[in-house]
Amino acid sequence: MSARRSTARQVAKGVLVALLLVFTLFPVYWMLNSSLDAQAGHTSSFWPAEPTLEHYTFVLTEGGFGGFLRNSLVVALATVLVSAVLALLASVAVARFRFRLRTQILMLVLIVQMVPLEALVIPLFVQVRDLQLLGTLLGLVVVYVALALPFGIWMLRGFVAAVPVELEEAAYLDGATWGRMFRSVLLPLVAPGLVATSIFSFITAWNEFIFAMTMLGGATESYTVAIGLRSFFGVHSNDWGAIMAASTIITVPVMIFFILVQRRLAAGLTSGAVKA
Amino acid sequence: MTAQAPPTPRSSGQAPAGAGRAAAGWSSRTRAAVARPWLLLAPALLVLAVLLLWPLVRVFLFSLQDYGLREITTGEPNWIGLRNYGEILTAPELWTVVLPNTVGFAVLSVAGTVAFGTAVAVLLASLGPFWRTVTSSAIMAAWAMPAVTGTYVWVWIFDADRGVFNDTLMNLGLLDDPTNWFTNRWTFYAIVLLNVIHHGFPFVAVTVLAGLLGVPKEMLEAAEMDGAGAFRRFFSIVVPQLRQVFAVVIILSTIWDFKVFAQVYLMPGGAGSNRSVLNLGVWSYVESFGQNRYGFGSAIAVLLTLLLLVITAVYVRTVLAEEER
Amino acid sequence: MNRTMRRSVAVTTGAVVLAASVAACGSGGEGGGESADSLSVWIMQGTNPDADAFFDEVATAFEEETGATLDVQFVEWGDAHDRFVTSIAGGTTPDVAETGTTWTPEFADAGALAPLDEYVSDAGVTDDLVEGLVEAGTYDEQLYGMPWYAGVRSLVYNTEMFEQAGVEAPTTWDELEDAAAALKEEFPDKVAVAVPGDAEFTVYPWVWGAGGEVATLDGDTWTSHLDSPESQEGIAFWTGLATEGGYSSTGATTWRETDVLDAFAAGDVGMAVMGSWTPGAIVEANADMEGRFAAVPIPGKDGGIAPSVLGGSHLSMFETAQDKDLAWAFLEMMTTGEFAQQWAEQSGYFPGQVSLLDETLASTDPLVAPFAEQFVDGGASVPAAPTYGAVQAKLTTSTMMQSILSGEQDVATASAAAAEEMTKILNGAG
């Protein structure tokens, strides 16, 4: 009885997974398909009408994507690291400690998330100029960290809050300092939340265009992939092949990043701190 | 037994030696404990304050001015008080088209994204590690694809003359002549909904999955032994455990889906030539930044922020209230 | 506890304020043209495929003449307006920049540009500039934008399709309609004539061709005449080709000029209103199209030429430029004489200097001559108001077209709404 139920279950699961993959990957497939087609944008065939790699070679050489990828990688990784550290510390503060202004600070952080970015462009531009960080990747990282922090703090707050206080107290009873407790107890259990936050920060920094364009201005050597992608949308006509090839190139590193970190998503389960 | 006690709502983290609220005679340990939250917060607050505090104030100040290109060039303010706000709130199209589109769309997309994402997370959690990795990585592609590109792909799919959608429908005999799906408000937004849910569900799936994997297995097993079915177990045990995660996901999805811009702007007719599909993001852009009326745009930004505060207030209170217990 | 809290907050705030003020003090010294020995210039990306080599030449010549170096930055059209605004706000404007013809009055009105009349008369070229461009670059009776290059839109058609359908290039509106009908019969799956819903400048020739006006200035007030009987006649003719004749396509209801070009390059369109700069782009998109298309000036209702918008760019000098004489030297070098000619040739546009045009006008190239004819005999300009940019941002004309083409409104209602909106925006009322 249970064998049959489990086979039916497996089949059902398989079907669901297949459907999910079809839905998710259909547009991705279209993007990939067009990037390899010399007649991109002019045909609607499921297979490249005229297979070619010229879009990729163009994008990576004349399109400047070699350099853009490097810049974006630097910016994104820096943003992930810095915002992860800052958000983690901050979220521990708001989740574990009771102090005056705690609610107000949480609200302030949330409000930052709500303001439409277009309204912030000019004031932020002036601010970054005042900090003398215009045209630099560092300036961009600082802006992206500021944009990723609110989400990170709110997200991690929930994960930190979900860690039972008893575990911490057990560690203290064993003689651990706060720092030791943080490293051995809290951190492993919050790891899944950190992963989710890192992915978000990465994608934010990776795909963001408005502020990249505004802050970098004419510093073409520092341009990111988002700016590079826009350059293929020409005045008279769009170079669809290049756009799709560039988009594919943009999509891949994010997926690699995810594959590398996603194993930590399940870390909380087996850290050994759950069972006494 | 072990961690069977449901994670207690975080009553204040009682640091060792008790963070006493009494004033006099503090030991250095107490002082360290009391300063700790602020020390932890300081770096993040510094970044936010230096970078965003002043710009936010400036946005508010702009909103009280008739701030255009001339004011930008001369740097001289041009105060008009609350006139911008008055103009916004009395604009007829705001109430007849823009807000209904924005709110209706946000409701549908948040519901759709969260429901679909959660379902996917449950599916993922039930898979073995290998298939979970493969499937979740595949889903990431939808999130990783630039929103701009994704929008154009969906535009192609539904293109009137050469799109796959029309082609298939005509081949199946369901459609006689090619239809332009972008001119009708409902089909236009159906496509945007598809686009946004497709782009947004991976975030929900990954986040909820992270939460799911943290639910103590013992609780689920105990319930199963007590005879609770799958749905019952899900809704009575898993969902309450994940309340905080859901709250955050819903709050953030609401904020994002309210501010949707590119996915509408880049669609044919979505940049303003189709007045029936205007949403808040596009309307705001066309009315303000497109016309060099930055004061007006800032006022819209302030109003939108307030609106979002009100809307998410319910969830925010849920999140914060749980802590007080 | 309170005291400690407050102290922590005070310390943090103090640090923030300190940091900000240190940083603020350290700034300054920004602004276009850091030193008198260098000129910063912004040029739009994509107009001239050989722009890099071209500016290398210009830089060498410029240094020889003035001793100053040239710092050229290429900007994408799509981002240019935003970058201008943020640079004005942040004090990082260039000395000289290419400004689209509809932007020049806008920036001039804001006080960002420097007037050029004196320089122009000193150089003796006041009467040698293309009138349409001068008109577009004049604000408050002063010239702010130096005419650099311009293009014009005419009727481009697929010669192969025409031959097969047995039609000739139309010279009147009736002929155009007949040609469309013949094309539709011969090629039922293709677009006989593309009537795009989101391409503002393809609409005005029909308005003007029927004797209508887009908008006129009376004293200080603008009035839009898109709903006058003549304008309506023109709009009705043009949209009728789609709504009544079915000569266009359902997709075209939301087409922009880029979509028209895409479809034409793919060989799916019989005729369309396209710019003089498109032949190169068409062949680049699809090499097979070479030699298979030609152009003809947009026909007037009963013959003649219907006026078409002269779209182009000015070179403008920012008020913030430290050495205006140096900036003018560059402007003069670029817009008159040899370099102006070279730029026009390489980019497929017409130069802004009339005396340079003679050579281009004498050309017999079937893809140049018709445009040249349209340029000289049928060139017009949109209302040169600083607020016209706002009309374009609001997509007033496109909204009208789309509602007519999708069948939602008839010509009378849609044009009345558009005229009302345009009048309101032009007069700065929102």
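**Ground rules.** I worked from a predicted model, where local features need pLDDT of at least 70, side-chain atom pairs count only at pLDDT 80 or more, and totals for chains, interfaces and linings use all residues. Residues are numbered from 1 along each chain as written, chains are lettered from A and ligands numbered from 1 in written order, and side-chain values use heavy atoms, without hydrogens and water.

**Helix H11 of chain C.** I took helices and strands as DSSP runs, numbered from the N terminus (helices H or I, at least four residues; strands E, at least two). I looked up burial in H11(C), residues 257-265. Seven of its nine residues are buried, so the helix is largely enclosed by the rest of the structure. Buried means under 20% relative accessible area, exposed over 50%, and partly exposed in between (1.4 Å probe, protein chains only). The buried residues include C:Val260, C:Leu261 and C:Phe264. I then checked what they pack against: helix H11 (240-261) of chain A, and S6, S10, H12 and S11 of chain C. Just after H11(C), C:Gly267 has a positive phi of about 80°.

**H5 against H8, chain B.** I found H5(B) (129-144) and H8(B) (185-212) packed at an angle of about 140°, with axes 7 Å apart. That makes H5(B) oblique to H8(B). Axes are lines fitted to C-alpha atoms, for helices over the stretch in contact, and angles run from 0 to 180 degrees between N-to-C directions. Angles under 35 degrees are roughly parallel, over 145 roughly antiparallel, 65 to 115 roughly perpendicular, the rest oblique. I listed the contact (heavy atoms within 4.5 Å). H5(B) contributes residues including B:Arg132 and B:Trp143, and H8(B) residues including B:His198 and B:Phe201.

**Aromatic rings.** I counted 61 aromatic pairs over all chains. Rings of Phe, Tyr and Trp (its six-membered ring) pair with centres within 6.5 Å; planes under 30 degrees apart are stacked, over 60 edge-to-face, the rest tilted. A:Phe23 and B:Phe201 form a tilted pair, 6.3 Å centre to centre with 35° between planes. This pair crosses between chains, from H1 of chain A to H8 of chain B. A:Phe23 is partly exposed at 24% relative accessibility; B:Phe201 is buried at 0%. I also noted one aromatic cluster in chain C, with C:Phe54, C:Trp148 and C:Tyr349 among its members.

**Loop residue.** C:Asp288 lies in the loop between H12 and S11 of chain C. At 54% relative accessibility, C:Asp288 is exposed.
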